[in-house]
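Good morning. I will take a few minutes to walk through one protein model, starting with the whole and then moving to single residues.

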Amino acid sequence: MTAPASALRPPTTDELDPEERMSRAEIERLQLERLRWTVQHAYRNVPLYTRKFDEAGVHPDDIRTLDDVHRLPFTTKDDLRETYPFGMFAVPMADVARIHASSGTTGRPTVVGYTRGDLDRWGTLVARSLRASGIRRGMKVHNAYGYGLFTGGLGAHAGIEALGATVIPISGGQTARQVQLIRDFEPDAILCTPSYLLTIADAIAAQGIDPRSTSLKVAVLGAEPWTNEMRHELEQRLGIDALDIFGLSEVMGPGVGNECLETKDGPHLWEDHFLPEVIDGDTLQALPDGERGELVFTSLTKEAFPVIRYRTRDITRLLPGTARPGMRRMEKVTGRNDDMIILRGVNLFPTQIEELVLGIEQLTPHFILELTKEGRMDALTVRIERHPDLSVETCEAAAQVLVQRIKVFIGSSVAVRLEEPGALPRSEGKYKRVYDLR
């Protein structure tokens, strides 16, 4: 099936920010100017950067070209945890207007701060992202990202308001209420994780309502890796356009980049505010555009919390701009270094399984991965719900097709276990796909 015809229009040239209309050469001149400021700011005001620069034998005055960024040391999540809670702040606390933090489920949370100027720029970039998705002033936007210390909810909220759209601040969870408000308030757009939008679509259908009959025209989805197959599933199921918004708390939050409605070919990165690189995760050497590796960011305009060569762990590649020719875009992130499963010597990502699952019409997109031990060997079981409208025999046959395709396309032998409809947990935010029971 082809994607539904869009009910939206991309922005005209006159509607773009001046930076979106810049040539590649103009963007690079602006990046160098802002990079030199950021490096000086971080070196003078963040003790960790003073120490790391000195240990690396590099000084801010050494930054004369954009390529000189490769001389600077990397920043990792461990650095952020080492300086917990406020050691990475580059301004006095009196100038910090807001603090956000990660969940901290794997250790100390990473804490980030924003000046008033940082918050204004953040709102502007999220507004730019939403406009690229086809959202306009006066539209109603259902914001189902979680509010609180997580950057998603409040970051998206500010961008909706900066755009001049109407925000419906529902936050995450309470799925039945989400469905009710979508029916009652008739929003034009929804912001959430892709897995949670799937949960909402299921809840709408469970009420006997066609998910394609709602007022929704576009979904701006992020905070977890998702495939183009998932995009197709959501677009067909809900009759919408589904676009990828990219961001991470350590670099800013949502709005570091966004797909453009007219191309849907991976997020364009807002390079007037961020300098991206891709590196080899093993050698740490920079890779040329077009080669896949680990994404690294240097902020260019952040006051309270500048980051220098932050290793995101996201796997992608940098590509030439299309809808915004001056800005490079990134291939959709479909995995992270720390999400990778090594199964009997074969590397695989959960999104590879998702891609295969969504290619088999007789299977549902509701699955989890369980890692266990069988003797001395690791084993992987794909637990997946059977289709409620098909016979058990048909679903079992489809499960065997999945086993074969995983073996052929990924190179691993796995077990597939059918579950009853509704048996597996549903996402109310970021979805936990892998359960390590070893």
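What follows is a short tour of this model, which is predicted.

I start with the overall picture. The secondary structure comes to 10 helices and 20 strands. If you draw a box along the principal axes, the C-alpha atoms fill roughly 70 × 60 × 40 Å.

How much of the protein is buried? Buried residues make up 55% of the 438. The accessible surface comes to about 18,400 Å², and carbon and sulfur atoms account for 49% of that.

Next, contacts along the chain. Take the contacts between residues at least 6 apart in sequence: 66% of these join residues at least 24 apart. As for charges, there are 53 positive and 63 negative ones, and their mean positions are 1 Å apart.

Find strand β8, residues 253–258, and strand β9, residues 268–269; Glu 259 sits in the loop between them. Is Glu 259 buried or exposed? Its relative accessibility is 0%, so Glu 259 counts as buried.

What does the side chain of Glu 259 reach? A polar atom of this side chain lies 2.9 Å from the backbone nitrogen of Asp 244. The side chain of Glu 259 also reaches the backbone nitrogen of Gly 266, again at 2.9 Å. Leaving aside neighbours within four places in sequence, Glu 259 has a list of contacts that includes Ala 132, Ser 133, Arg 231, Lys 264 and Lys 332. Asp 244 and Gly 266 are on that list too.

Another loop residue is Thr 301, between β11 and β12, the latter being residues 310–316. Thr 301 has a relative accessible area of 13%, and the cut-off for buried is under 20%, so Thr 301 is buried. Beyond its neighbours within four places in sequence, Thr 301 is in contact with Arg 34, Trp 37, Thr 38, Asp 118, Arg 121, Asp 272 and His 273.

Last, some backbone details. Most residues other than glycine have a negative phi, and most peptide bonds are trans.

The peptide bond from Tyr 84 to Pro 85 is cis, with omega near 0 degrees. Pro 85 belongs to the loop between α3, residues 77–82, and β1, residues 98–101.

Ser 171 is not a glycine, yet its phi is positive, about 65 degrees. Look for Ser 171 in the loop between β4, residues 166–168, and α6, residues 175–185. With a relative accessibility of 17%, Ser 171 counts as buried.

Leu 284 also has a positive phi, near 65 degrees, in a residue other than glycine. Its place is the loop between β10, residues 274–279, and β11, residues 293–299. Is this leucine buried too, or partly exposed? At 30% relative accessibility, Leu 284 counts as partly exposed.

That is the end of the tour.

Terms used
Residues numbered from 1 in each chain as written. Predicted model: local features only at pLDDT ≥ 70, side-chain atom pairs only at ≥ 80, totals over all residues. Heavy atoms only, no water. Helix = DSSP H or I, 4+ residues; strand = E, 2+ residues; numbered from the N terminus. Buried < 20%, exposed > 50% of the residue type's maximum accessible area, 1.4 Å probe, protein only. Polar contact = N/O pair within 3.5 Å; in protein donor to acceptor, adjacent residues only side chain to side chain. Contact = heavy atoms within 4.5 Å. Areas by Shrake-Rupley, 256 points an atom, 1.4 Å probe, with all protein chains shown as cover. Lys, Arg positive; Asp, Glu negative; His and termini not counted. Charge placed at Lys NZ, Arg CZ, Asp CG, Glu CD.
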